[in-house]
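Please describe this structure for someone new to it. Cover its pockets and its salt bridges.

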Amino acid sequence: KYRKIFGSRGFRAGVLYRNIDWFNLLHFEYDMSVPNVGHLDPQRGGCCTTFPYFVGKILEIPVTMTQDYMLFNILRQYSLDLWEQQISLVLKKHGVMNFIVHPDYIINQREQNVYKSLLGRLAELRRNAGVWIPLPGEVNSWWRQRSQMKLVKNGSEWKIVGDGNERARLARAVVEGDKLVYVL
């Protein structure tokens, strides 16, 4: 009922408490209720990926960064150190960085300073590393468009066909030493 009233396309369950078997009953386009790792969350477990994926017709955009509550109130960290580690790991794998920051958890100056530092770091990544910083609805639109693209062989080369292919990049994974790297 409220999805229709407010024109909402996406959903996130309170405290990330979820039952993915119910997702399609909600009739949303996307959800953000599944952490990639949930060892500090009220409902343990996670999806073990930093990439969006489909659960039926719903796109799941996993929460990939430690939440502010966990950072400040459980781990008692007031620096970017943990988020920087997570950012680095996700960037190396070309995944999605999905943060949850609650306005009521950053009322105090100490927490606000960490949040402002995070925003500054993300702005720097956008400016210097070309990191795309979309709203969840934009991720949903892109991932759905991407899922409809096809990879086809054109002579001796491969190309991406389908709506939005001008935004897509073809990469191949190769092993260099003991690491998997992507070559565009």
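This is a predicted model: local features need pLDDT of at least 70, side-chain atom pairs count only at pLDDT 80 or more; totals for chains, interfaces and linings use all residues.

Residues are numbered from 1 along each chain as its sequence is written, and side-chain values use heavy atoms, with hydrogens and water left out.

**Pockets**

A pocket here is an open set of points on a 1 Å grid, where a 1.4 Å probe fits, with protein on both sides within 12 Å along at least five of seven lines; lining residues have an atom within 4 Å of a point. Volume is the space filled by probe spheres set on the points.

The largest pocket holds about 1,800 Å³ of space. Its lining has 40 residues, and His94, Gly95, Val96, Trp132 and Trp142 are the closest to its centre. Helices α4 (109-129) and α5 (136-148) and strand β5 (150-154) each supply at least two lining residues. Helices (H or I, at least four residues) and strands (E, at least two) are DSSP runs, numbered from the N terminus. The lining divides into 30 nonpolar, four polar and six charged residues. Ala, Val, Leu, Ile, Met, Phe, Trp, Tyr, Cys and Pro count as nonpolar, Asp, Glu, Lys and Arg as charged, and the others, Gly among them, as polar.

The second largest pocket holds about 340 Å³. It is lined by 20 residues, and Asn36, Val37, Thr64, Thr66 and Gln86 are the closest to its centre. Helix α3 (residues 81-92) gives the largest share of this lining, five residues.

**Salt bridges**

The structure holds three salt bridges. Each is a side-chain nitrogen of Lys or Arg within 4 Å of a carboxyl oxygen of Asp or Glu.

| Pair | N to O distance |
|---|---|
| Arg9 and Glu29 | 3.3 Å |
| Arg121 and Glu84 | 2.8 Å |
| Glu124 and Arg121 | 2.9 Å |

Arg9 sits in the loop between α1 (2-6) and β1 (10-11), and Glu29 in the loop between β1 and β2 (30-31), so their pair ties together parts 20 residues apart in sequence. Arg9 is partly exposed at 34% relative accessible area. Partly exposed lies between buried (under 20%) and exposed (over 50%), using a 1.4 Å probe and protein chains only. Glu29 is partly exposed at 32%.

Glu84, Arg121 and Glu124 are linked in a network of salt bridges. Arg121 lies in helix α4 and Glu84 in helix α3, so that pair ties together parts 37 residues apart in sequence. Glu124 and Arg121 both lie in helix α4, three residues apart. Glu84 is partly exposed at 26%, and Glu124 is partly exposed at 33%.
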